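Thanks for coming, everyone. I'll take you through one structure, pocket by pocket and then residue by residue. Please look at it on the screen first.

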Amino acid sequence: MTIYTIPIMGQSHPKVCIVILHWNNYSGLIECLSSLREITYPNYDIIIVNNGSKTRLYLSTIQGTADHVAAIVETQENLGYARGNNLGIREALRRGTDYILLLNDDTVVSPEFLDTLVNAAERHHDVGILGPKIYHYDEPERIWFVGARFDGHLCRVSFPGAGQIDNGQFEEPREADFITGCAMLVKREVIERIGTLDGRFFLYWEDVDFGVRAKKADIRSLVVPASKIWHKVSSSSGGADSPLKAYHKTRSHLLMAKLHSKGAIPKILRETFLDVLWLLFKSSDTNRIKKARAYTRAVLDFYLGRLNKGPRWLWVELEG
């Protein structure tokens with residue numbers, strides 16, 4: 001691992017470190033950084049974690065296209081979402097930050113989004129994790145995230161309001177069981193109390209686990225709809241219905257159940273088995289065999305305790 005940084009400067013306002021995990025999406029990263037140049041919050045640093053991308057990032061080059069980039073962490077390999085972000089979180093803590101904002105590199109933010117989140121965080125002392133209202137990038141008025149619920153008995157999540165056109169029906173701050181890792185503002189003391197993201201989750205469910213752990217520690221999570229960003233959904237995992245996503249969502253779902261909802265594991269296995277049968281015998285999807293193989297391999301790797309990026313054949317199209 002290599003870290004390129006500029007010196008830490010003293011500031012009078014609450015310090016925010018924005019941690020952006022980057023993997024082979026350079027144009028998306030630049031668009032995200034360009035939108036961050038327009039934000040009105042005065043005291044923030046950007047830490048980019050270059051998570052095993054084909055192309056190395058250079059601090060001098062990035063600083064020429066974006067303001068406030070304070071550090072680039074080069075991982076040399078794809079560590080996954082949780083472990084990659086944890087490197088950025090540790091660098092943020094080293095820099096004495098008050099808040100850490102995990103932000104996907106496939107997002108675009110509104111100018112006031114960070115002011116709104118930090119102001120809400122400062123007003124609600126019992127709230128430790130906050131998130132904005134998130135829209136679909138290609139449908140700017142359609143809601144992608146404005147809240148989340150976790151059913152501990154079934155180990156299922158739901159997203160009230162997701163998919164709706166925003167007509168002002170979600171304007172008031174609302175409590176959530178967890179905040180999506182797409183854009184998650186975390187108070188420093190939350191990390192000090194419950195730790196960082198669980199690195200056993202390579203992709204998916206790590207944000208749910210983090211929120212559930214926080215809730216068990218009596219730390220509230222809050223969605224602040226006045227804060228707004230836009231998300232290019234599933235751009236880093238090959239699309240919303242890719243074999244890679246099927247593999248990691250299934251494996252991480254089983255891990256989440258093992259940690260928080262052991263009674264749900266048999267039901268998850270049954271549903272996965274039915275999905276495989278449907279793909280093999282009823283689906284007309286041209287990628288159905290690969291998806292069925294992904295589901296099956298996810299279950300096998302979960303029971304074998306394999307927590308890495310998964311089989312090479314899942315990554316061929318994305319990595320080249």
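**Pockets, a helix and a few residues**

The lining of the largest pocket divides into 21 nonpolar, 15 polar and 6 charged residues.

Ground rules next. This is a predicted model, where local features need pLDDT of at least 70, side-chain atom pairs count only at pLDDT 80 or more, and totals for chains, interfaces and linings use all residues. Residues are numbered from 1 along each chain as its sequence is written, and side-chain values use heavy atoms, with hydrogens and water left out.

Back to the largest pocket. It holds about 940 Å³ of space. The lining has 42 residues, and Asn104, Trp144, Tyr204, Glu206 and His231 lie nearest the centre. Which elements supply at least two lining residues each? They are β2 (16-22), α3 (81-94), β5 (99-104), β8 (143-145), α6 (206-216) and α7. Helices (H or I, at least four residues) and strands (E, at least two) are DSSP runs, numbered from the N terminus.

How is a pocket defined? On a 1 Å grid over the protein atoms alone, a pocket is an open set of points with protein on both sides within 12 Å along at least five of seven lines. A cavity is a set of points where a 1.4 Å probe fits but cannot get out. Lining residues have an atom within 4 Å of a point. Grid points are joined across faces, edges and corners, and a volume is the space filled by probe spheres set on the points.

Stay with Trp144 for a moment. Trp144 is in strand β8. Its relative accessible area is 23%, so it is partly exposed. The scale: buried is under 20% relative accessible area, exposed is over 50%, and partly exposed is in between (1.4 Å probe, protein chains only). Trp144 contacts Ile134, Tyr135, His136, Ala162, Thr180, Cys182, His231 and Val233, leaving aside neighbours within four places in sequence. Contact means heavy atoms within 4.5 Å. Trp230 is 86 residues from Trp144 along the chain, yet their C-alpha atoms are separated by 8.4 Å.

Now the second largest pocket. Its volume is about 410 Å³. It has 17 lining residues, with Lys249, Thr250, His253, Asp275 and Tyr295 nearest its centre. The lining divides into 6 nonpolar, 4 polar and 7 charged. α7 and α8 each supply at least two of the residues.

That brings us to α8, residues 265-281. Its 17 residues should span 24 Å at 1.5 Å a residue, and the end C-alpha atoms are 24 Å apart, so the two agree. The expected span is 1.5 Å times one less than the number of residues. Which residues of α8 are buried? Ile265, Ile268, Thr272, Val276 and Leu279.

What does the buried face pack against? α7 (243-260) and α9 (288-303). On the other side of α8, Arg270, Phe273, Leu274 and Phe281 are exposed. Take Thr272 as one example from the buried set. Its relative accessibility is 8%, so it counts as buried. Thr272 touches Thr250, Tyr295 and Val299, not counting residues up to four places away in sequence.

What about cavities? The whole structure has 1 cavity of 30 Å³ or more. Arg200, Arg251, Ser252, Leu255, Phe302 and Leu307 line it. α7 gives the most to that lining, with 3 residues.

Last, two backbone points. Most residues other than glycine have a negative phi. His68 has a positive phi, near 70°. His68 lies in the loop between α2 (59-63) and β4 (69-74). Asp218 also has a positive phi, near 65°. Asp218 sits in the loop between α6 and β13 (220-231). Which is Asp218, buried or exposed? At 66% relative accessibility, Asp218 is exposed.

Methods
Nonpolar A, V, L, I, M, F, W, Y, C, P; charged D, E, K, R; others polar.
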